[in-house]
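I opened this notebook page to record what I looked up about the packing and the strand order. The entries follow the order in which I consulted them.

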Amino acid sequence: MSYFLGLDSSTQSLSALVVDTKTGRVVLDESVNYGKDLPQYESPQGVLPNGDASVCHSDPLMWVEALDLLLSRVQASGFDWSKIRGISGAGQQHGSVYLARSLSDIPPWDTSKQLVEQVRPLLSFPTSPMWMDSSTGVECAEIAEALGSRKKVSELSGSEPIERFTGPQIRRLSKRHPQTYAATTEIHLVSSFIASLLIGKTAPIDLGDGAGMNLLELSTGDWNQALLDATAPGLREKLAPLSPSAEVVGTLSAYFSERYGFAKEVPVVAFTGDNPSSLVGMGAIKPGTRLVSLGTSDTVFAAMDAPRTDPNGFGHVFGNPAGGFMSLLCFTNGSLAREKVAEHYSLDWAQFASAILEETKPGNNGKCMLPYFVPETTPKLGAPAVKLFGDDEFVDWKQPAATVRAVVEAQALSIQRFSSWIGHEPEQLVLTGGASRNPGIRRVLADVFQAPVRVLKVANSSALGGALRAAQAVGNSSWSDLFSTFVALDPEVNVTPNPQSVSAYAQLREQYTEHLDAHLRGTLG
Ligand code: XUL
């Protein structure tokens with residue numbers, strides 16, 4: 001009883017990570033990249049192109065096909081899936097999948113056909129609105145009005161009505177496509193959809209990810225009728241049911257044992273959102289550490305003992321899969337913005353780091369940037385805003401190194417400014433996600449926060465969280481044993497803040513705040 005699998009269906013890839021609780025080793029860490037491995041879905045970044053920048057949908061069949069591809073690829077590499085004793089995982093948050101038939105009413109998956117062929121006829125709507133979508137401003141306002149105020153929605157659900165959250169997305173779909181909505185029998189989150197594929201029937205939505213819908217009442221752990229009514233007619237009947245995060249929601253369908261050699265009836269534990277899963281994968285289920293995940297979007301989160309809400313209205317409260325609550329802020333322009341700057345100058349990540357570490361100085365001589373290449377969640381911006389401030393050459397994009405520093409410094413200052421409501425000044429920042437490997441980015445965060453920056457040995461914290469949740473729920477391992485074995489800080493990375501950069505950042509913070517506030521006032525008219 002020692003191998004546990006965590007899956008992470010994220011924006012750009014599907015990952016599988018296996019821990020061996022007997023030897024304390026991570027024995028598999030593999031992924032399929034949608035853009036590279038499934039180019040036929042024409043979603044290089046995991047999102048379907050759309051003329052309207054506020055509309056972001058993905059093809060759910062791409063996620064389905066990725067599952068078969070990943071499992072078969074790993075099997076072909078010689079890995080023995082029959083050793084897996086429990087499975088859990090995570091999905092990008094807020095995205096929704098619309099099905100014409102309940103997955104509990106369908107026959108078992110047919111082993112002779114690819115899953116994608118079997119799921120295609122079950123979809124009632126071909127695409128899935130996903131977390132980068134910001135097209136539901138009108139619906140958010142309508143939901144707030146029905147409940148009395150944005151604040152009331154936040155008091156009930158832990159977040160003000162948020163464009164990317166599932167409730168406003170369902171409302172938009174039900175208004176624009178009433179027939180499709182009427183023909184929809186079951187609505188899933190990405191997390192419950194992937195878990196459903198594995199068990200071959202309806203898997204519930206867990207409380208961790210369910211809290212990202214503007215539909216769940218935090219104090220009762222159940223759907224709130226007023227929020228459901230404000231969202232769309234007959235919604236309760238269409239939503240996959242709710243379950244606590246540690247619940248075994250079913251066993252692995254025979255499809256996977258027959259095709260890939262899994263043991264029969266491996267227990268599957270409820271899937272959750274990628275951020276709640278990362279909280280577990282970073283060993284931070286108790287309040288104290290400030291976690292920064294540097295992915296397509298950057299997120300900042302921490303466990304909370306009680307649901308406290310963000311006075312600015314940008315932050316959220318989700319369920320902590322280990323019990324209680326967690327805070328989260330999402331900065332949409334994370335790697336998205338860093339990649340845009342790197343691409344503009346054709347820089348690789350080593351050059352990106354050296355632009356910060358060797359070619360420029362903290363504070364960037366006052367050069368700074370608003371780095372919002374797509375509409376932003378924190379602070380709320382309905383339209384992209386990319387502006388450079390400094391000398392003419394810089395403003396003309398002629399200084400690559402300074403622009404690299406500007407994007408990273410703006411992001412760090414923004415994270416600092418908008419996460420202060422979480423409470424306690426962080427004693428250290430623990431980073432995860434692809435960009436956490438970049439020494440230039442670590443240095444800026446350490447200096448802006450004047451706190452040491454650490455990284456984890458296993459960077460893929462969301463998939464690791466899935467594997468650990470499976471081991472805890474079905475393998476009888478304790479959280480403390482799992483964390484001491486698998487969630488070690490990397491001893492090689494301890495970036496201590498440089499006190500000499502304090503005054504440079506005090507100055508830049510002032511400038512950045514001024515430019516951002518002027519822009520926010522302008523967009524508010
Ligand atoms: C969180 C959010 C993103 C996605 C990314 O609210 O929208 O972090 O979960 O996968």
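Entry 1. The model is predicted. I began with Ile-170 and listed its contacts, leaving out residues up to four places away in sequence.

Entry 2. I then asked to which core Ile-170 belongs. Ile-170 lies in the largest nonpolar core, which has 122 residues. The residues with the most contacts inside this core are Ile-170, Leu-215, Leu-239, Leu-445 and Leu-468. Helix 17 contributes the largest share of the core, 11 residues. I recorded a second, separate core of 52 residues, with Leu-7, Met-62, Leu-99 and Phe-193 among them. As general background, nonpolar side chains tend to be buried together in soluble globular proteins.

Entry 3. I looked up where helix 17 lies. Helix 17 spans residues 400-418 and lies across strand 16 (290-294), strand 17 (298-304) and strand 19 (325-331). Relative to strand 19, helix 17 runs at about 145°.

Entry 4. Seven strands make up an open sheet with mixed pairing, in the order 18-19-17-16-22-23-24. Its edge strands are strand 18 (316-319) and strand 24 (489-495), each of which pairs on one side only. From one strand to the next, I noted an average twist of 30°.

Entry 5. Last, I checked how strand 24 pairs with strand 23. Strand 23 (residues 453-456) and strand 24 are antiparallel, with three bridges. I found that Arg-454 has Asn-494, in strand 24, as its bridge partner.

Conventions:
Residues are numbered from 1 along each chain as its sequence is written. This is a predicted model: local features need pLDDT of at least 70, side-chain atom pairs count only at pLDDT 80 or more; totals for chains, interfaces and linings use all residues. Side-chain values use heavy atoms; hydrogens and water are left out. Two strands pair if DSSP finds at least two bridges between them. Helices (H or I, at least four residues) and strands (E, at least two) are DSSP runs, numbered from the N terminus. Axes are lines fitted to C-alpha atoms, for helices over the stretch in contact, and angles run from 0 to 180 degrees between N-to-C directions. Contact means heavy atoms within 4.5 Å. A nonpolar core is a set of buried Ala, Val, Leu, Ile, Met, Phe, Trp, Tyr and Cys residues joined through side-chain atoms within 4.5 Å. Buried means under 20% relative accessible area, exposed over 50%, partly exposed in between (1.4 Å probe, protein chains only).
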